[in-house]
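Please open the model in your viewer and keep the selection panel at hand.

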Amino acid sequence: MTIKQVMVIGAGQMGAGIAQVCAQSGYNVFLHDANEQALHNGMEGIKKRLAKAVDKSRITESEKQEAIDRLTPATEMEDVSKCDMAIEAIVENADVKKNVFRELDAHAPSHAILATNTSSVSITEIAAATNRPEQVIGMHFMNPVPVMKLVEIIRGLQTSDDTYTKIADMASALSKTSVEVDDAPGFAANRILMPMINEAIFAVHEGVASVEDVDTVMKLGMNHPMGPLTLADFIGLDTCLYIMEVLHDGYKDSKYRPCPLLRKYVNAGWLGKKSGRGFYQYES
Ligand code: NAI
């Protein structure tokens with residue numbers, strides 16, 4: 001079985017990016033979202049990004065049109081019955097994700113692989129909600145998906161070698177570089193990145209340096225393309241807090257304690273770029 005038809009569930013930041021990259025790489029893609037407006041916005045966002053890529057001569061007009069022709073908006077998740085694999089990129093909530101996986105499992109053909117783009121929910125736990133746990137896997141793309149080269153491929157306890165190989169081959173077909181990661185809290189990327197962001201917030205919280213100076217230290221001192229507080233605003237401070245809590249709960253180690261200032265900002269609704277205010281202010 002080769003993967004030809006793909007369903008992406010969730011047409012937000014990540015799902016729309018994943019659908020775009022799959023369509024540009026020759027897969028037929030059904031893009032589904034529970035919210036029709038989000039599905040519309042996701043499709044429009046893809047078309048805009050492809051048009052921009054043509055303007056910048058990164059792709060040709062016909063490549064753009066071919067990618068658009070491979071994309072089908074799907075209002076019903078049942079269309080997964082026509083697919084060889086599905087990638088879920090919905091809200092970061094274990095219970096909601098498990099419900100979606102139960103539904104995908106009920107409608108997908110028996111050979112289909114079910115992948116999740118979760119940043120922090122256990123793959124083993126999601127897999128256990130289905131009757132095909134050996135065909136469930138983590139496929140963790142980075143944001144923005146069309147730009148970032150890395151995909152973390154996360155094996156749950158039950159994931160088969162065959163499933164892993166097919167997903168590693170698919171990541172290569174998407175022109176991504178993949179790394180194999182065990183199903184541990186935060187996987188590898190967020191286990192390393194989030195404590196650094198959390199520490200940067202502690203530095204501000206304790207008055208060690210200002211927001212701008214903390215970012216300058218990491219940009220000019222460590223050659224990071226973006227300071228950790230700018231990056232936190234971009235990721236979303238609610239997401240950062242959620243992942244720190246997963247690390248803290250998972251490892252029961254105080255070194256992962258979320259900074260109180262991070263919690264305070266989230267409680268205030270200062271979620272970063274998406275809410276107009278985080279460590280920095282943004283135009284609406
Ligand atoms: P988002 O909020 O932009 O998009 C989520 C979409 O899922 C929304 O359009 C929403 O309508 C839809 N949705 C929610 N529940 C649904 C359901 N039951 N069925 C169908 N659609 C549903 O979120 P974003 O940022 O795209 O994140 C999605 C996933 O990707 C999360 O698991 C997140 O942890 C992960 N992720 C996020 C990254 C980021 O930088 N934002 C990076 C890597 C992974």
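**Around the ligand**

Select Asn117 together with the ligand, and you will find a polar side-chain atom of Asn117 at 3.0 Å from an oxygen atom of the ligand, a polar contact being a pair of N or O atoms within 3.5 Å, where within protein one must be able to donate a hydrogen and the other to accept it, and residues adjacent in sequence count only if both atoms are side-chain atoms. Before going further, note that this is a predicted model, in which local features need pLDDT of at least 70, side-chain atom pairs count only at pLDDT 80 or more, and totals for chains, interfaces and linings use all residues. Residues are numbered from 1 along each chain as its sequence is written, and side-chain values use heavy atoms, with hydrogens and water left out.

Widening the selection gives 22 residues around the ligand, of which Met14, Asp33, Glu92, Lys97 and Ser119 come nearest (a residue is near a molecule or strand if one of its heavy atoms lies within 4 Å of it).

**Helices H2 and H3**

Now select residues 36-55 (helix H2) and residues 61-69 (helix H3), whose axes come within 9 Å and cross at roughly 165 degrees. H2 is therefore roughly antiparallel to H3, a term for angles over 145 degrees. Axes here are lines fitted to C-alpha atoms, for helices over the stretch in contact, with angles running from 0 to 180 degrees between N-to-C directions, and helices are DSSP runs (H or I) of at least four residues, numbered from the N terminus.

To see the contact (heavy atoms within 4.5 Å), show Lys47, Leu50, Ala51 and Val54 in H2, which meet Glu61, Lys64, Ala67 and Ile68 in H3. These residues divide into five nonpolar, no polar and three charged, where Ala, Val, Leu, Ile, Met, Phe, Trp, Tyr, Cys and Pro count as nonpolar, Asp, Glu, Lys and Arg as charged, and the others, Gly among them, as polar.

**Helices H7 and H9**

Finally, select residues 189-205 (H7) and residues 228-235 (H9), whose axes come within 9 Å and cross at roughly 115 degrees. The residues in contact include Leu193 and Met194 of H7 and Pro228 and Leu229 of H9, and the whole contact divides into 12 nonpolar, no polar and no charged residues.

Terms used: Helices (H or I, at least four residues) and strands (E, at least two) are DSSP runs, numbered from the N terminus. Angles under 35 degrees count as roughly parallel, over 145 as roughly antiparallel, 65 to 115 as roughly perpendicular and the rest as oblique.
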